[in-house]
Amino acid sequence: MLSSPLVNDRLGRLSDYPFTRLASLLAGITPRVNAEPVVMSVGEPQHAPPALIDQVLRTQAHLWGKYPPVAGTPEFRAAAARWLDRRYGLPAGMVEPDRMVLPVAGTREALFLAALLAVPESKAGRKPAVLLPNPFYAAYEGAAVMAGAEAVFLTTTRETGFLPDLDALSPELLDRTALFYLCTPSNPQGAVADRAYLTRAIGLARRHGFVLAVDECYAEIYDAEAPTGVLEVAAALEARGKTSGGGLANLLVFHSLSKRSNAAGLRSGFVAGDPDLIALFSRLRSYSIAGTPLPALAAAAALWDDDAHVVENRALYRAKFDAAESALDGRFGFYRPAGGFFLWLDVGDGEAATATLWREGGIKVLPGAYLTRPDADGVNRGSSFIRIALVHDAATVAEACTRIAKIL
């Protein structure tokens, strides 16, 4: 079907989605273990969502019959801006709610649309490039391909601090770059970009004229120190008089309630940043996406204004990392990530280990090769890894990680 002249031939350039590949890998395999299966392949939080959601939805039920505006409500935009100010210590008024914040239906939608927003027909006289970390979130690749860009995979390893090596980017590549997806804390390795790294990335975006799209969806799940945000680095640059074109020029930052508030089903997040880009983003969404329902926006605004449940949530994740560390420390290159809730374990052959864990332990994980692409030398450096999502309670995580250590 993908070769048919009736469809967009770019669809044929997309690989199968990671979870489609996982289903094919495990089809026909029945777990032998007499234990409840544990699904650790999907980053779907299992903690109870805050009761605040139900409370607000009940009071706003009369709004389900109204079409929501794409730009959301002033209350939502203000709550998102207040949270950014509070979380990152931004100067008062740096993020103007009505010009620099846009609600989105979860950040996957927004991250995908970012490429349709940022990628021109050509750049520097050549096919535009979209830079993305390798491993990567599948939406980044899909967005680059469907926007007609060349997806350039920047391998992230222990040697690069699990972040793209900015020094390895040639001026020629940067000149034709339209968009750079950066995830911090990263999925799956949990690496956090520090101030120096983000300062450099902002400088490259402004010098070479591309959009820096920073996916900070795991910013509230961290072990010891709160991850630095790109907006606080931009604020520091502006304060030192080192900005060009405004404090948020060239920047888009993405945040979600899915992980922060265990509210994946609410499908609510926001994108904030450069007001010119936000205006165009709103225009694009007007043609492509229905607005977030008004009751959901009200619940989301209440969640952004509440930090207490986030502190409790973070403590639960720390307990799970304690459990995982107790079972896996010293095995499979285990390290305790700075942020996020994934483990990235080197097991020699990710697909074989995934099949074995499902067959022998009833534990479902994701092969690293499904989140990575081969380097220029043809070697896929993610193929020896598996990704494990620590989304269950600490006792389940402890038992599952103990099983993993015994089986592998």
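Which side chain does a polar contact of 2.7 Å join to that of histidine 47? The partner is lysine 320, whose side chain is joined to histidine 47 by a polar contact of 2.7 Å, a polar contact being a pair of N or O atoms within 3.5 Å, where within protein one must be able to donate a hydrogen and the other to accept it, and where residues adjacent in sequence count only if both atoms are side-chain atoms.

The model is predicted, so local features need pLDDT of at least 70 and side-chain atom pairs count only at pLDDT 80 or more, while totals for chains, interfaces and linings use all residues. Residues are numbered from 1 along each chain as its sequence is written, and side-chain values use heavy atoms, with hydrogens and water left out.

**Histidine 47 and leucine 52**

Histidine 47 lies in the loop between strand 1 (38–39) and helix 2, where helices (H or I, at least four residues) and strands (E, at least two) are DSSP runs numbered from the N terminus. Histidine 47 counts as buried because its relative accessible area is 12%; buried means under 20%, exposed over 50% and partly exposed in between, with a 1.4 Å probe and protein chains only. A further polar contact, of 2.5 Å, joins the side chains of histidine 47 and asparagine 313. With neighbours within four places in sequence left aside, the residues in contact (heavy atoms within 4.5 Å) with histidine 47 are Asn262, Asn313, Leu316, Tyr317, Lys320 and Val391.

Leucine 52 belongs to helix 2 (residues 52–59) and counts as partly exposed because its relative accessibility is 25%. Not counting residues up to four places away in sequence, leucine 52 touches Ala302, Leu303 and Asp306.

The expected span of a helix is 1.5 Å times one less than its number of residues.

| Helix | Residues | End-to-end C-alpha distance | Expected span |
|---|---|---|---|
| Helix 14 | 350–361 (twelve residues) | 15 Å | 16 Å |

Helix 8 is followed by glycine 209, whose phi is positive, near 70°. Its buried residues, among them Tyr197, Leu198 and Ala201, pack against helix 7 (171–175), strand 5 (177–183), strand 6 (211–215), helix 9 (230–239) and strand 7 (251–256).

At the start of helix 14, a side-chain oxygen of aspartate 349 comes within 3.2 Å of the backbone nitrogen of glutamate 351, and glycine 362, with a positive phi near 65°, follows the helix. The buried residues of helix 14 include Leu357 and Trp358.

**Pocket and cavity**

On a 1 Å grid over the protein atoms alone, a pocket is an open set of points with protein on both sides within 12 Å along at least five of seven lines, whereas a cavity is a set where a 1.4 Å probe fits but cannot get out; lining residues have an atom within 4 Å of a point. The largest pocket holds about 550 Å³ of space. Of its 25 lining residues, Gly43, Arg108, Tyr137, Tyr218 and Lys259 are the closest to its centre. Helix 5 gives the most to this lining, with three residues.

The largest cavity holds about 50 Å³, and its lining includes Pro133, Phe162 and Gln189.

How values were computed
Points joined across faces, edges and corners; volume = space filled by probe spheres on them.
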